[in-house]
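Work through these exercises with the structure open. Try each task before reading its solution.

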Amino acid sequence: MAAQNAGQQDSDASAALLEPWEAIWRRWEKGEGEGYDFTQWQHELFRPNLRPYDPKEIRVMKKYFDKADAKFEACKK
């Protein structure tokens with residue numbers, strides 16, 4: 001059963017589980033992570049029902065994703 005669910009993620013906590021937060025904090029506490037900007041903390045984009053927490057944030061991200069996709073396609077030619 002575990003093997004069947006290995007690729008699935010919980011929609012409301014997966015991001016926090018995929019990042020090594022404890023290690024990041026330890027480095028910062030030792031003074032090794034001066035460049036970390038904790039004001040821009042990682043957060044969920046969608047509620048469990050897939051409605052965005054902040055629709056404006058999704059629009060901004062889509063705008064930049066579209067630009068990146070266009071640049072990628074232009075490089076392939």
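**Exercise 1. Compare the span of α3 with its expected span.**

Step 1. Helix α3 has 22 residues. Helices here are DSSP runs of H or I with at least four residues, numbered from the N terminus.
Step 2. The expected span is 1.5 Å times one less than the number of residues. For α3 that gives 32 Å.
Step 3. From first C-alpha to last, α3 reaches 32 Å, close to the expected value.
Step 4. Look at the start of α3: a side-chain oxygen of Asp 54 comes to within 3.1 Å of the backbone nitrogen of Lys 56.

A note on the source: this is a predicted model, where local features need pLDDT of at least 70, side-chain atom pairs count only at pLDDT 80 or more, and totals for chains, interfaces and linings use all residues. Residues are numbered from 1 along each chain as its sequence is written, and side-chain values use heavy atoms, leaving out hydrogens and water.

**Exercise 2. Find the salt bridges and state how accessible their residues are.**

Step 1. Set the rule: a side-chain nitrogen of Lys or Arg lies within 4 Å of a carboxyl oxygen of Asp or Glu. Side chains of opposite charge can pair when their charged atoms come close.
Step 2. Search the whole structure. Three salt bridges turn up.
Step 3. Take Asp 66 and Lys 62, whose closest N and O atoms are 3.0 Å apart. They sit four residues apart in α3, so about one helical turn separates them.
Step 4. Take Lys 76 and Glu 73, at 3.4 Å. They are three residues apart in α3, again about one helical turn.
Step 5. Take Arg 27 and Glu 32, with N to O at 3.5 Å.
Step 6. Classify by relative accessible area: buried is under 20%, exposed over 50%, partly exposed in between (1.4 Å probe, protein chains only). Lys 76 is exposed at 54%. Glu 73 is partly exposed at 38%. Arg 27 is partly exposed at 41%, and Glu 32 is partly exposed at 44%.

**Exercise 3. Locate Arg 47 and list its contacts beyond four places in sequence.**

Step 1. Arg 47 lies in the loop between α2 and α3 (55-76).
Step 2. Its relative accessible area is 24%, so Arg 47 is partly exposed.
Step 3. Contact means heavy atoms within 4.5 Å. Leaving aside neighbours within four places in sequence, Arg 47 touches Pro 52 and Tyr 53.

Terms used
Helix = DSSP H or I, 4+ residues; strand = E, 2+ residues; numbered from the N terminus. Polar contact = N/O pair within 3.5 Å; in protein donor to acceptor, adjacent residues only side chain to side chain.
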